[in-house]
Every structure is written in structure tokens, then in C-alpha cells.
Amino acid sequence: MDVAEKLKLLEDFALEKSVLKPNRKLFVVEPSYVRRIFESLIEKLGHGGFYLSTIVGTDLKEENKIRLDYYVVMLPEEETVVIRTFLPRENPVIDSLIDIIPGALAGECETYDLLGVVFRGNPFLKRGFFVPTDVSEKGIYPLRKDSGV
Amino acid sequence: MGITKVVEIPVVTTEVPIGPQHPALHEPIMLKVYADGEEVVKVEVNTGYNHRGIEKLCEKNTFYRDIFIVSRVCGICNAVHANCYVRALEQILDVTPNRRAKFLRVLSMELERIHSHMLINAVMAEIVGFETLFMQIMLDRERVMKAKEILTGNRVSADYMMVSGVRRDIDEVKRDKIKEILLKLKSKIEYYKKVFEEDETLVKRLVDVGRVKYEDATSHSFVGPLARASGVRIDSRASDKYDAYDEIPFNVITRTEGDSWARMMVRWDEILESIEMGIYILNNLPSDGNPVPDERRLPRRFPPGEAYTRVEAQRGELTYYVMSDGKTQNPYRVKIRTPSFNNIVNSAFMYVKHTLADVPVILTSIDPCISCMERVTLIDLEKGVRQRIPLKQLSSGGRK
């Protein structure tokens with residue numbers, strides 16, 4: 001399967017397409033589709049056909065949203081693609097990937113601890129994964145723009 | 001008197017905390033190991049002992065100051081961190097350095113790869129109880145540090161990268177000196193590689209310990225030598241071809257064994273590749289202008305935009321996401337994902353079914369870098385009082 005065919009898998013779910021510098025294909029999707037996208041990637045490519053590189057959460061305070069980017073690297077071509085989704089800022093909840101992709105553990109735990117995005121179904125989420133307890137006890141998520149940190 | 005009663009002692013798993021001080025390397029991480037006798041049944045990785053908040057710090061400082069902040073994420077791989085961040089800025093600004101600067105950048109990163117790989121191989125020798133080898137490798141590592149000093153002006157923290165260039169150029173004399181060091185080093189590295197291949201103690205302790213299959217490596221998002229030793233061909237140098245990697249010939253080293261020994265051997269082979277690359281760069285250094293840009297003429301305004309750059313650090317794929325909103329001098333968001341972050345946090349399954357004595361060996365074979373991994377939140381909250389320390393005060397070293 002060549003890269004174009006692999007990208008076709010993602011295009012079916014995409015609301016919008018663009019390019020992130022330098023030359024990374026970006027697909028904006030509905031949050032409810034994220035898990036289904038990864039399920040179909042596993043089904044079509046297998047666990048050895050890609051890896052989840054990073055989860056980047058960004059607080060977009062002015063738009064009242066939290067943006068979540070999943071960076072996936074397709075193997076063996078090493079083509080990086082971005083799956084982008086937006087969550088409401090008050091109640092950012094998304095389905096966890098941990099049971100299908102164990103490599104999501106690090107990214108999900110970090111994003112929860114620093115930004116407060118809840119990954120539904122991840123039993124390892126905890127405050128204090130990175131953030132010191134004196135801050136996490138106050139319920140502050142440091143990377144939110146209005147956290148005051 | 002005969003035995004009247006037999007008391008059965010139930011087999012309970014014992015909890016053995018390894019760390020947070022010095023689990024294998026002198027860095028704070030805790031492996032909570034549950035052992036049944038000598039056999040490890042479960043491992044929990046506890047983090048958060050060393051969190052410095054660099055991502056938040058980057059949001060509070062200007063784009064140019066952040067180059068120095070990200071260099072301090074990790075001492076041993078400061079050039080790759082700065083390079084990755086600087087290239088993200090170059091993408092946002094749409095500027096490119098000249099070829100000479102690109103070659104020099106690659107040289108500094110490859111020298112760093114050599115000394116980092118030598119360090120972890122030396123530590124591995126120490127962990128298995130081979131202290132003489134540790135001393136020998138560290139002695140030769142000093143030569144590489146010297147070469148890096150000749151190139152960048154500093155042994156460790158170089159601050160070599162600048163937007164659209166590097167901070168120092170080299171002349172003929174320096175070029176010959178670095179080349180001489182690399183040529184001398186090559187025979188030494190070949191010897192150490194042979195020791196790792198043939199020495200009975202090392203082979204006994206490393207072979208078949210902490211084996212990772214191909215599918216496990218990708219599903220757990222492992223990167224770098226850890227993935228390459230399991231046959232996964234991930235190397236951002238080869239795929240992204242950033243800086244001068246499109247012009248310099250090199251091979252991506254992979255092995256199929258997937259155990260601790262294979263990971264160390266991948267590192268030795270990569271050092272040999274890096275030496276070859278270094279010599280190639282010094283022989284073919286282009287002279288298409290001054291690689292050092294004039295700092296005063298660099299653009300001051302950053303247009304809105306975002307960039308995601310990858311670099312092959314010593315421990316694997318390192319990524320930076322930088323976003324500029326175009327309104328301020330500071331980046332809106334900087335996200336650093338270091339290779340150790342994936343490699344350590346997701347590695348708990350590797351220890352299971354090995355003995356307690358193998359735990360440090362496996363941890364060392366991952367080449368963990370805790371300072372790389374923990375770096376996100378800047379907070380100084382004492383007794384409920386929020387205290388912010390400005391950069392000026394920090395840089396004055398506490399002096400008023």
C-alpha cells in the first residue's frame with residue numbers, strides 16, 4: 001500500500017484538509033471519530049504500519065476550545081500526518097486510545113495532567129504525573145492560558 | 001518431637017522501589033517493581049521528580065530567548081534541541097541557512113551523537129560491573145568533547161544554533177584538528193565494539209535481556225536505537241532530510257535481535273557512521289558564504305503560523321511543535337516531545353519475566369534521559385504565595 005492509499009483512509013473522515021509546515025498533511029476531524037480512525041488504521045495497516053508519535057494539546061482561549069493534535073508516522077515511508085480535533089474548553093472529553101495503542105499512555109497522561117483533557121477509558125490518568133502536588137491539589141492545569149501560573 | 005503443624009507461607013509479590021535516586025543512571029526516576037522472588041511480575045514507572053516547566057517558560061519568553069532555554073532541556077543533547085527549535089522558527093519565518101551553516105550544524109549534532117552513545121555504552125559497562133571499560137570509554141569520550149569544543153567553543157552546552165545559521169565558523173587549523181581526533185577515535189571505537197561483541201560477561205548479561213518485538217516497538221511508540229534494534233527503520237535524518245542530511249551519505253543501522261545487546265551494538269555502529277559523516281563533512285565543507293548571520297538583521301516580527309519539526313536525537317525522534325499567533329514576541333505554544341518520554345513511560349512491559357538484577361541493565365539499554373523527559377511546568381508556589389522569577393534575576397545568579 002503506498003502513501004496515497006494510506007492517506008485515503010484518513011481523508012474519508014476529514015472535515016477539512018490543509019498542510020502544516022514543513023509539508024505535513026493535516027486532517028481536521030470530529031472528536032468522536034478519532035478512535036474510529038485509529039481502529040481503521042490498525043485494521044488496514046496493522047500495529048507495525050504506523051506509530052503514534054505525539055499528542056499535542058493547545059488551549060485556544062479566545063475561541064473557547066482546546067485543540068488536540070495526534071501526530072502519526074506512517075511506516076516504512078516515515079510520512080508524518082496530523083489528525084486534528086477540537087474539544088469544548090469547559091468539558092474536554094475524548095475517547096482514550098490506550099487499549100488499542102499502548103503507546104498513547106505517555107501523551108494522554110501528560111495532556112491530562114497539564115491541560116485537563118479527560119481521556120475516557122484510560123485508567124492511568126492521575127494528577128501529579130508531572131505537575132507537583134501543591135499545584136495539582138488546587139485543581140490548576142498549568143498549560144491553560146488562564147491558569148495564572 | 002515430630003512436626004505437628006505445617007504452616008504454609010503464601011507467596012506474595014514483594015514491592016521493590018528502584019529509585020528515585022540512582023536507579024541505574026544518576027537521575028531521578030522511580031521504577032516500582034513488583035517481584036515474585038527474583039522474578040519481576042509488574043513494573044510501574046513513577047515520574048515527576050524533576051519537572052522544570054520549560055514549555056510554560058517558553059511561552060513567557062521571546063522566540064529568540066527560547067533558543068537558549070530549549071538548549072537547557074538536556075545537557076547531553078543540547079544541539080539537537082536547539083536545532084529542532086531553530087528549524088521550526090525558520091519554517092515560520094521562511095528563511096534558510098546557507099550550505100556551509102547546514103554542514104556545520106550536522107557536524108555539531110554528529111559529534112554530540114558520538115559522545116552521547118559512548119557515555120551510555122560506558123555506563124552499561126559500569127552497570128554490569130566492568131568498571132575498567134567504563135573508565136577507558138570515558139577517557140576516549142573526552143577527545144570527542146574536545147572536538148566539540150574546537151567546533152562550538154564549549155564542551156557540553158554549546159548554544160551553537162542560530163536562526164539562519166550557526167554561531168561560529170571554523171578555519172583550516174580547527175578543521176584539521178577535528179579530523180585528526182575523529183581518525184584517531186575510529187580505531188578505538190572498533191576495538192570497543194569488538195569487546196562488546198566478544199566479552200563473555202557483557203554477552204551473558206545483555207543477550208536476550210529485555211527483548212522487544214517489532215510490533216511491540218511500534219505499538220508502544222518506541223523511537224531511536226530502541227526501535228532500530230528491533231528492526232523498525234525509523235530515522236528522521238533519512239526521512240526528513242533536514243539540514244545537510246540530503247547531501248551527506250550515511251546508512252541507517254538496524255538489527256533484528258531486539259535485546260539489550262542489540263541496542264548497544266546499534267549505538268556502536270552509529271558512532272562509526274557518525275565518524276564517517278564527520279570526516280566527509282570536513283573534507284567537503286562548502287564555502288558559499290559566511291555561516292554566521294548578523295544577529296541585528298534577523299527578523300523581529302514573527303508572522304502567525306505553526307511548524308512541526310523532527311530531528312533524530314541520540315535517543316530517537318525528537319519533535320518540536322511551535323505556534324506563533326502573530327500578536328506578540330512570544331510563542332503561543334511550544335510542545336517538546338523528547339524520545340525518552342516515549343521510551344521510558346511506555347517501557348514498563350519490557351521488564352516483566354526478567355530478574356531484579358536485569359532491571360538496571362534494561363533501563364540503561366533504553367538510554368533514559370530524565371531531564372529530557374520532565375520539563376513542562378514552571379511553578380514556584382511556596383505556602384500559597386505565587387512567586388515569579390524574571391529571567392534577568394535568574395541570569396544574574398541570585399545577585400541583585
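Me: Are B:Tyr245 and B:Phe250 buried or exposed?

Reply: This is a predicted model. In it, B:Tyr245 is buried, and B:Phe250 is buried as well.

Me: What kind of aromatic pair do B:Tyr245 and B:Phe250 form?

Reply: Look at the centres and the planes. The pair is edge-to-face, with 5.8 Å centre to centre and 65 degrees between the planes. Planes over 60 degrees apart count as edge-to-face.

Me: How many aromatic pairs are there over all chains?

Reply: The count comes to 16. One of them joins B:Phe63 and B:Phe302. Their ring centres lie 3.9 Å apart and their planes make 15 degrees, so this pair is stacked.

Me: Which parts of the chain does that pair link?

Reply: Distant ones, 239 residues apart. B:Phe63 belongs to helix α2 (residues 63-71) of chain B. B:Phe302 sits in the loop between α11 (260-283) and β6 (305-313) of chain B. Both B:Phe63 and B:Phe302 are buried.

Me: Which residues do ring pairs link into a cluster?

Reply: The cluster consists of B:Tyr191, B:Tyr192, B:Phe196 and B:Trp268.

Me: Which lysines lie over the face of a ring?

Reply: Take A:Lys65, which lies over the face of A:Phe86 at 5.3 Å from the ring centre. Then take A:Lys145, which lies over the face of B:Tyr332, at 4.1 Å from the ring centre.

Me: Now the sheet of chain A. In what order do the five strands come?

Reply: Read across the sheet: β1-β2-β5-β4-β3. The sheet is open and its pairing is mixed. The edge strands are β1 (16-20) and β3 (50-60) of chain A, each of which pairs on one side only. From one strand to the next, the twist averages 25 degrees.

Me: Which helix packs on the sheet?

Reply: Helix α3 (residues 104-115) of chain A does, touching β3 and β4 of chain A. The direction of the helix makes about 10 degrees with that of β3(A).

Me: How do I read the mixed pairing?

Reply: Start with the general idea. In a regular strand, side chains alternate between the two faces of the sheet. Now take β5(A) and its partners. Strand β4 (residues 65-74) of chain A runs antiparallel to strand β5 (residues 79-88) of chain A, and ten bridges join them. Strand β2 (residues 24-28) of chain A pairs with β5(A) in the parallel sense, over four bridges.

Me: Which residues of β5(A) stand opposite A:Phe27, A:Ile66 and A:Tyr71?

Reply: A:Phe27 stands opposite A:Ile83. A:Ile66 stands opposite A:Leu87. The bridge partner of A:Tyr71 is A:Val82.

Me: Why is β5(A) described as largely enclosed by the rest of the structure?

Reply: Because seven of its ten residues are buried.

Me: What should I look for in the backbone of the loops?

Reply: Most residues other than glycine have a negative phi, and most peptide bonds are trans. Here, a cis peptide bond joins A:Lys21 and A:Pro22, with omega about -15 degrees. A:Pro22 lies in the loop between β1 and β2 of chain A. Another cis bond joins A:Leu75 and A:Pro76, with omega about 0 degrees. A:Pro76 lies in the loop between β4 and β5 of chain A.

Me: Which residue of the β4(A) and β5(A) hairpin takes a positive phi?

Reply: A:Glu78, with phi near 60 degrees. The hairpin has four residues between the strands. At 6% relative accessibility, A:Glu78 counts as buried. The cut-off for buried is under 20%.

Me: Where does B:Asp208 lie?

Reply: In the loop between α7 (200-206) and α8 (214-219) of chain B. B:Asp208 has a positive phi of about 70 degrees, although it is not a glycine. At 45% relative accessibility, B:Asp208 counts as partly exposed.

Me: And what describes two packed helices?

Reply: The angle between their axes and the distance between the axes. Take helix α4 (residues 99-127) and helix α13 (residues 358-366), both of chain B. Their axes come within 9 Å and cross at roughly 175 degrees. α4(B) and α13(B) are therefore roughly antiparallel to each other.

Me: Which residues make the contact?

Reply: From α4(B), B:Ile120, B:Val123, B:Met124 and B:Ile127. From α13(B), B:Pro360, B:Val361, B:Thr364 and B:Ser365.

Methods:
Residues numbered from 1 in each chain as written. Chains lettered and ligands numbered in written order. Predicted model: local features only at pLDDT ≥ 70, side-chain atom pairs only at ≥ 80, totals over all residues. Heavy atoms only, no water. Pairing = 2+ DSSP bridges. Helix = DSSP H or I, 4+ residues; strand = E, 2+ residues; numbered from the N terminus. Axes fitted to C-alpha atoms, helices over the stretch in contact; angles between N-to-C directions. Contact = heavy atoms within 4.5 Å. Phe/Tyr/Trp six-rings, centres within 6.5 Å; stacked < 30°, edge-to-face > 60°. Buried < 20%, exposed > 50% of the residue type's maximum accessible area, 1.4 Å probe, protein only. Lys NZ or Arg CZ within 6 Å of the ring centre and 35° of its normal. Parallel < 35°, antiparallel > 145°, perpendicular 65-115°, else oblique.
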